[in-house]
Amino acid sequence: MTAYFVAVRNSISDPETFATYGDLAGKSMAGHAITPLAVYGKTRATDGPATESAVIIAFPTFEEAEAWYDSPAYQEALKLRLASGDYQTFIIQGVD
């Protein structure tokens, strides 16, 4: 069953570190079945506080999403994301 990794960006505090995160996060996707669906596009808050933007990435299964997120390559990138901005992220199972 398809699963999605969702990252909601509330704010960026260090654009340079975030740019390095982006490079490492992109490289961490090699070897994983990932389909980007939305990557920091235009947003409109409809309920709750506004966010800067968001990312939605599809995976064939929940386990594959977890495998990418827990991979050493993404965990190394994650340190930079956490140091560069305020995010909320989660993996959610789809309704195939």
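Trainee: Among contacts between residues at least 6 apart in sequence, what share join residues at least 24 apart?
Mentor: Keeping in mind that this is a predicted model, the share is 76% of the contacts in the chain between residues at least 6 apart in sequence.

Trainee: Which elements does the chain have, and in what order do they run from the N terminus?
Mentor: There are three helices and four strands in the chain, and from the N terminus on they follow the order β-α-β-β-α-α-β.

Trainee: Which residues have the most contacts inside the largest nonpolar core?
Mentor: That core has 17 residues, and those with the most contacts inside it are F5, Y21, I57, F59, W68, Y69 and Y74. The elements that each contribute two or more residues to this core are β1 (3-12), α1 (15-28), β3 (53-59), α2 (62-70) and α3 (72-84).

Trainee: Okay, and what does F5 touch?
Mentor: Leaving aside residues up to four places away in sequence, F5 touches V55, I56, I57, F59, W68, Y69, Y74, T89, F90 and I91.

Trainee: Changing topic, is G31 buried or exposed?
Mentor: G31 has a relative accessible area of 86%, and since over 50% counts as exposed, G31 is exposed. This residue sits in the loop between α1 and β2 (35-39), and, C-alpha to C-alpha, G31 and Y74 are 12 Å apart in space while being 43 residues apart in sequence.

Trainee: Now the pockets: what is the volume of the largest one?
Mentor: The largest pocket has a volume of about 200 Å³, and of the 16 residues lining this pocket, the closest to its centre are Y21, A25, M29, Y40 and V55. The largest share of that lining, four residues, comes from α1, and by class the lining divides into 13 nonpolar, two polar and one charged.

Trainee: And what lines the second largest pocket?
Mentor: The second largest pocket, with about 160 Å³ of space, is lined by V8, T43, R44, A45, T46, D47, P49, T51, S53 and A54. In this lining there are four nonpolar, four polar and two charged residues.

Key:
Residues are numbered from 1 along each chain as its sequence is written. This is a predicted model: local features need pLDDT of at least 70, side-chain atom pairs count only at pLDDT 80 or more; totals for chains, interfaces and linings use all residues. Side-chain values use heavy atoms; hydrogens and water are left out. A nonpolar core is a set of buried Ala, Val, Leu, Ile, Met, Phe, Trp, Tyr and Cys residues joined through side-chain atoms within 4.5 Å. Buried means under 20% relative accessible area, exposed over 50%, partly exposed in between (1.4 Å probe, protein chains only). Contact means heavy atoms within 4.5 Å. On a 1 Å grid over the protein atoms alone, a cavity is a set of points where a 1.4 Å probe fits but cannot get out, and a pocket is an open set with protein on both sides within 12 Å along at least five of seven lines; lining residues have an atom within 4 Å of a point. Grid points are joined across faces, edges and corners, and a volume is the space filled by probe spheres set on the points. Ala, Val, Leu, Ile, Met, Phe, Trp, Tyr, Cys and Pro count as nonpolar, Asp, Glu, Lys and Arg as charged, and the others, Gly among them, as polar.
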